[in-house]
Amino acid sequence: MGPPRRKVLATANETLTPPDELQPGQQIARVIKATGNNVYAVELPSKDSVLVELPSKFRSTIWMKRNTYVVIDLNALEERDNKLAGEIVNIVRDEKAWRKAPFWPKEFVKQPAATYGSDSEDEDESNMGKMPPSDDSDA
């Protein structure tokens, strides 16, 4: 049986709004990939890659994809002697609100969405999704 619904909703609401400021040792990072056993590889604003652990309150509650932003605490696991550099303390769900916060790193600028077929060097039309030409050319 999963966690109670009120606990799931409280965790989800906690991740919607950004805090007023980040605590010392906390910073925003981008998820690169899930490496297994609730361990994720994340990219820091300095382009360094570290391994962080997902705490139990977020497990089976909020799912993360690649390029999701998270708040990590680099001081949380310093007493443990292993490869983990920190722990995920919050997950950015409403990215638009979080980007307005003063602590959002300048290195994580929003990339414009690339649309299919908008390349300037490929001016001719594509045949993708079109019907083949008909055989009767006298009509």
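This is a short tour of a predicted model, moving from the whole chain to one arginine and then to the strands beside it.

**Before you click**

Residue numbers start from 1 along each chain as its sequence is written. Because the model is predicted, local features need pLDDT of at least 70 and side-chain atom pairs count only at pLDDT 80 or more, while totals for chains, interfaces and linings use all residues; side-chain values use heavy atoms, leaving out hydrogens and water.

**The whole chain**

Start with a cartoon view. You will find two helices and five strands, in the order α-β-β-β-β-β-α along the sequence. Helices (H or I, at least four residues) and strands (E, at least two) are DSSP runs, numbered from the N terminus.

Of its 139 residues, 31% count as buried. Here buried means under 20% relative accessible area, exposed over 50%, and partly exposed in between (1.4 Å probe, protein chains only).

Contacts (heavy atoms within 4.5 Å) are worth a look too. Among those between residues at least 6 apart in sequence, 59% join residues at least 24 apart.

**Select Arg-30**

Now zoom in on Arg-30, which lies in strand β1 (residues 26–36). Is Arg-30 buried or exposed? Arg-30 counts as buried because its relative accessibility is 17%. Show its side chain together with that of Tyr-69, and you will see a polar contact of 3.3 Å between the two. Such a contact is a pair of N or O atoms within 3.5 Å; within protein, one must be able to donate a hydrogen and the other to accept it, and residues adjacent in sequence count only if both atoms are side-chain atoms. Leaving aside neighbours within four places in sequence, the contacts of Arg-30 include Ala-41, Val-42 and Glu-43, as well as Phe-108.

**Step across to β2**

Select residues 39–43, strand β2: five of its five residues are buried. Val-39, Ala-41 and Glu-43 are on one side, Tyr-40 and Val-42 on the other. In a regular strand the side chains alternate between the two faces of the sheet.

Two residues separate β1 from β2 in their hairpin, where Asn-37 in the turn has a positive phi of about 55°. Finish at β3 (residues 49–53), joined to β2 by five antiparallel bridges. Their hairpin has five residues between the strands, and Lys-47 takes a positive phi near 70°.

Conventions. Pairing = 2+ DSSP bridges.
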